Amino acid sequence: MTNDSRPTLTHGCDALCAQPASMDDLNRDCHCVAVPAESMHTALASAMGAHGLPQAIAQTHPNLFASLPVFLSRQHLDAMARVVGDIESAVSQPAYRAMALSWAPPIAGFDPGAAGGMLGLDFHITPDGPRLIEINTNPGGALLNALVGQALRVCVPDTLAIPTDMSGVEQRVLQIMRQEWHSQAGERPLTSIAIVDEDPTQQYLYPEFLLFRELFIRHGIDAAICDPSELIHQDGRLWLHGQPVDLIYNRLTDFSLSERAHAAMRASYLAGETVVTPHPRAHALYADKRNLALLGDAEFLRTSGATESTIATLAAAVPTTMLVTDHNRDDLWSRRRDMFFKPASGFGSKASYRGDKLTRRVWDEIRTSTYIAQALVPPDRRHTHRDDAPLKSDIRAYAYRGEVFLYAARLYQGQTTNFRTPGGGFAPVLTSKV
């Protein structure tokens with residue numbers, strides 16, 4: 001990754017793009033602002049090649065990066081920033097924490113002292129403003145989207161701008177890791193990080209793991225990528241191939257670390273020997289989807305001690321969400337076309353269903369799992385060409401302790417976000433300069 005992350009600026013552009021009436025017009029009509037796929041693939045191939053790995057990223061990940069950006073108004077960006085800050089305020093209330101932890105696994109009761117790492121807050125943009133769809137504690141894409149910002153060509157630089165400082169993303173990610181470490185370990189130096197996921201080389205976002213590893217090594221921190229089964233807990237430390245591990249950058253989707261293969265990591269975490277980020281408590285407080293029922297409930301927020309400003313922001317931004325129970329199942333089935341159903345501890349849209357796509361057989365099957373029902377908020381659309389069907393878009397705000405440091409979009413077709421859509425994938429966000 002280069003140190004100069006300023007976008008390449010070009011001035012040739014259609015009149016529609018140069019003098020838009022709104023950001024919506026740009027999303028519909030502007031196709032001249034491009035993210036060259038070859039630049040993205042070259043940057044990733046360089047990072048992979050540095051580790052002796054195959055560099056055919058264009059063949060293995062053809063739809064990782066979209067070819068066009070998504071345009072957002074300053075008002076929508078400001079609204080998302082307010083939601084992020086007010087989420088942090090609401091989560092800090094003891095009454096909220098008590099309720100969220102009441103349905104969390106026991107391990108969430110352990111407070112290691114660290115915040116729990118970066119968050120990814122996913123929004124759909126509506127005519128009435130952004131709507132918060134879900135919160136993630138191990139969001140992928142931060143460093144990949146930093147690469148997108150470096151490759152971006154802006155055709156009207158006097159009018160459009162990237163809303164956050166792309167040159168600072170790497171440094172911010174590094175600061176977050178160090179802050180997580182020092183919050184728990186004090187002033188001891190951070191010397192080693194393990195980037196942990198199941199069978200990591202087979203994960204679709206494995207190229208990003210390499211970018212994290214490269215970032216840590218470049219700043220004097222020993223870093224490795226591993227499967228959790230490679231970790232050993234002994235002598236009061238967590239070890240990887242004979243070397244001690246200070247901090248784990250946790251990309252696992254076993255959020256409670258309950259699986260047998262994660263026993264060593266779990267034991268060291270609970271003993272306070274190894275910093276794990278994100279950790280189970282953070283997932284319980286932020287990312288369990290049942291929490292959205294609390295965050296969007298004005299009366300609960302009021303009784304928990306939230307300010308009226310926070311209540312107004314979150315009640316407007318969080319779609320109506322409720323736990324699916326035996327008492328409301330029949331009613332929710334009758335209203336399913338206006339709902340989206342998600343597993344409470346799900347990830348990556350797995351086992352999530354639009355109500356109008358939900359069959360009676362699947363509805364009966366999910367009775368044995370914990371699900372939430374969320375009012376359906378259709379995603380916004382990004383037109384890629386005047387003759388092509390538009391792509392759906394959602395916006396992810398990457399944040400830490402209530403402050404957004406990066407916005408990015410994902411373009412896709414189908415029921416949920418994916419990286420299988422030609423022309424889809426991660427996309428940069430642009431906004432007006434004023």
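Strand β19, which spans residues 391–400, contains S393. The model is predicted.

- When neighbours within four places in sequence are left aside, the contacts of S393 are V70, H124, P379, D380, R381, R410, L411 and Y412.

**Helix α10**

- Helix α10 covers residues 263–270, and A264, M265, S268 and Y269 are buried in it.
- Viewed down the axis of α10, these buried residues fall within an arc of 130°, so they line one face of the helix.
- The cover over the buried residues of α10 includes the strands β7 (192–196), β9 (231–234), β10 (237–240), β12 (247–250) and β13 (275–277), together with helix α11 (280–287).

**Packing of α6 with α11**

- Two packed helices are described by the angle between their axes and the distance between the axes.
- For α6 (residues 94–102) and α11, the packing angle is about 105° and the axes are 9 Å apart.
- The two helices α6 and α11 are therefore roughly perpendicular to each other, a class that runs from 65 to 115 degrees.
- On the α6 side, Y96, R97, A100 and L101 meet R281, A284 and L285 of α11.
- Classified by residue type, this contact of α6 with α11 comprises 5 nonpolar, no polar and 2 charged residues.

Note on methods
Residues numbered from 1 in each chain as written. Predicted model: local features only at pLDDT ≥ 70, side-chain atom pairs only at ≥ 80, totals over all residues. Heavy atoms only, no water. Buried < 20%, exposed > 50% of the residue type's maximum accessible area, 1.4 Å probe, protein only. Helix = DSSP H or I, 4+ residues; strand = E, 2+ residues; numbered from the N terminus. Arc of directions from axis to C-beta. Contact = heavy atoms within 4.5 Å. Axes fitted to C-alpha atoms, helices over the stretch in contact; angles between N-to-C directions. Parallel < 35°, antiparallel > 145°, perpendicular 65-115°, else oblique. Nonpolar A, V, L, I, M, F, W, Y, C, P; charged D, E, K, R; others polar.
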